[in-house]
Amino acid sequence: MRLAGILMPIFSLPSNYGIGTFGKEAYRFIDFLKEAGQSYWQILPLSPTSYGDSPYQSFSAYAGNPYFIDLELLCQDGYLDSKEFTEIDWGRPDKVDYALLYQKRFAVLRRAYSRFMENPPDDFSGFVRKNSFWLEDYSLFMALKNANDGRSWDNWQDSLRYRDELAIAEAKKLYSDDMDFFKVLQYLFEKQWFALKDYANQNGIKIIGDIPIYVAYDSADVWCEPKQFELDKKLLPKSVAGCPPDDFSKTGQLWGNPLYNWKEMKKSSSPYEWWCRRIKYTLSLYDVIRIDHFRGFESYYSIPFGDKDATGGKWRNGPGIEFFSYLKKKFGELPIIAEDLGFMTDEVKEMLDASGFPGMKVLEFAFDSSSDSEYLPHNCHKNCVVYTGTHDNDTVIGWSKLLSDEDINFAKDYMRTGSNESLNWSMIKTAYSTAADTVIIPMQDFCGMGSEARINIPSTLGDNWVWRIEAGCINSWLAGIIKEITATYRRLPKIKK
């Protein structure tokens with residue numbers, strides 16, 4: 001079935017309180033998707049942000065971002081008074097100010113927590129039990145971070161760093177209130193998220209969520225299960241993740257995430273148990289999972305810990321197709337999109353083909369006038385997902401301004417861009433016209449925005465993950481145009497009778 005969707009991060013939604021949330025604007029966006037004849041809403045990871053404000057560097061592979069908890073909904077539930085958040089200056093409406101949120105949001109959430117604990121809902125204890133496999137450790141981890149002024153766990157006192165049983169037991173007693181605070185935040189997050197997801201599903205919209213291949217070193221995941229990662233006796237990484245130098249970066253990309261100890265993961269009493277837990281939980285959050293950096297399961301780039309850039313790294317073998325075959329035996333057919341961009345070797349292509357997962361085609365990578373790129377629309381086959389660009393790319397308008405005259409002329413000739421047509425609409429129509437089962441377009445490209453609306457520039461810090469859309473951009477006029485294009489290229493969902 002030919003279908004389409006829109007890429008739009010939660011944090012980029014409009015709101016009066018500094019960041020997009022699970023509140024009324026999220027419901028309004030679902031209404032917009034339905035009106036536009038779309039079938040998918042693709043979002044970025046829902047994880048709490050840490051270093052660099054990136055959702056791909058999180059304190060937990062399981063926890064949800066407390067900033068997405070909608071304050072107006074908390075007010076409706078009786079946990080807040082409107083004056084406790086409406087009279088606060090939350091910063092500019094067009095950009096997320098994470099430092100400001102950190103300073104002000106948690107104080108508001110603490111008030112909601114105090115009222116929540118006066119009469120906790122009947123299902124709260126059940127939520128805690130159901131999620132105890134990660135929630136207990138995460139809440140202690142966050143409580144200890146607060147107690148240690150936000151320092152990374154490798155800078156805590158040794159008894160806590162190495163998780164001495166007596167020290168952990170004592171910490172749970174000492175910081176029980178703080179732990180409860182973080183448990184309540186996760187309860188509120190889950191309650192609001194699943195209400196929103198249910199609304200989307202009821203309106204024929206499926207959620208595509210993102211699962212980062214790696215976790216942050218400063219996370220509850222690494223602190224609690226260090227044997228799953230390549231760490232030395234001092235629990236420091238032996239090597240870290242990244243990408244080698246290429247045409248876009250002469251020194252490569254140094255992500256800094258600890259690498260998995262794949263041998264340890266495989267030989268455990270239940271093979272790949274750590275990943276099975278993570279996949280099972282993620283399947284409960286989303287309808288479709290996009291696995292970031294899929295090629296890292298075939299081979300991954302290993303950079304010695306302490307290196308200043310990625311030039312000294314080397315490729316090492318990952319678990320390969322055996323890993324995904326095991327997951328399929330465990331869970332059945334998996335609704336996965338493989339992010340297979342960059343460094344596509346024959347081995348990676350073989351693993352992708354064997355998995356049966358659709359890969360990704362990004363049209364911004366296609367228009368090199370000197371070559372026959374695999375991303376050109378005529379090379380996009382049925383079992384793939386076509387994008388104009390992703391969160392790591394510039395918008396189509398911004399991208400076009402950086403092209404050479406030869407490349408931009410080639411792109412316009414290929415797409416038969418008319419003199420009165422904007423390049424973003426030309427590329428959107430081209431994406432829709434491909435043979436691919438699924439097309440996902442970033443919301444910025446539908447709005448014809450420039451580089452000011454770019455979400456992330458890889459390997460840079462500052463001014464990433466901050467873009468927010470104006471409420472007026474989400475309107476019926478635009479929905480009507482999108483629906484017309486969606487119908488033209490036979491991507492409207494079939495309405496069940």
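E136, K172 and K183 are joined in a network of salt bridges. A salt bridge is defined as a side-chain nitrogen of Lys or Arg within 4 Å of a carboxyl oxygen of Asp or Glu. The structure is a predicted model, in which local features need pLDDT of at least 70, side-chain atom pairs count only at pLDDT 80 or more, and totals for chains, interfaces and linings use all residues. Residues are numbered from 1 along each chain as its sequence is written, and side-chain values use heavy atoms, with hydrogens and water left out.

The overall dimensions were examined next. The protein has 497 residues and a radius of gyration of 23 Å, which agrees with the value near 23 Å for a compact globule of that length. The radius is taken over C-alpha atoms, and the globule rule is 2.2 Å times the number of residues to the power 0.38. Along the principal axes, the C-alpha atoms fill a box of roughly 70 × 55 × 45 Å. Secondary structure comprises 19 helices and 12 strands. Both are DSSP runs, numbered from the N terminus: helices are H or I with at least four residues, strands are E with at least two. Of the 497 residues, 56% are buried. Buried means under 20% relative accessible area, exposed means over 50%, and partly exposed lies in between (1.4 Å probe, protein chains only). The areas come from the Shrake-Rupley method with a 1.4 Å probe; for residues, only the protein chains shown count as cover.

One of the pairs is R163 with D137, whose closest N and O atoms are 3.5 Å apart. This pair links distant parts of the chain, 26 residues apart. R163 sits in the loop between α7 (158-161) and α8 (165-174), and D137 in helix α6 (residues 132-147). R163 is partly exposed, at 24% relative accessibility. D137 is also partly exposed, with a relative accessible area of 22%.

A second pair joins E225 and R277 at 2.5 Å, N to O. E225 counts as partly exposed, with 26% relative accessibility. R277 is partly exposed, at 23%. R277 also meets E273 in a salt bridge, with an N to O distance of 3.8 Å. R277 and E273 both belong to helix α12 and stand four residues apart, about one turn of the helix. E273 has a relative accessible area of 36% and is partly exposed.

Surface charge was then considered. D346, E347, E350 and D353 gather in a patch of negative charge on the surface. Patches are made of residues with over 30% relative accessible area and no salt bridge; like charges are joined within 9 Å, and nonpolar side chains (Val, Leu, Ile, Met, Phe, Trp, Tyr) within 5 Å. Lys and Arg count as positive and Asp and Glu as negative, while His and the chain ends are not counted. The place of a charge is taken as NZ of Lys, CZ of Arg, CG of Asp or CD of Glu. E350 lies in helix α14 (residues 346-355). E350 is exposed, with a relative accessible area of 54%.

W465 has its place in the loop between α18 and α19. Phi of W465 is near 65 degrees, again positive in a residue other than glycine. D463 is exposed, at 52% relative accessible area, whereas W465 is buried, at 4%.

Contacts across the sequence complete the description. I205 lies in the loop between α9 (176-202) and β3 (206-211). I205 is buried, with a relative accessible area of 0%. I205 and G37 are 168 residues apart in sequence, with a C-alpha to C-alpha distance of 9.6 Å. S299 is placed in strand β7 (residues 299-304). S299 is buried, at 7% relative accessible area. The C-alpha atoms of S299 and G318 are separated by 4.6 Å, and the two residues are 19 apart along the chain.
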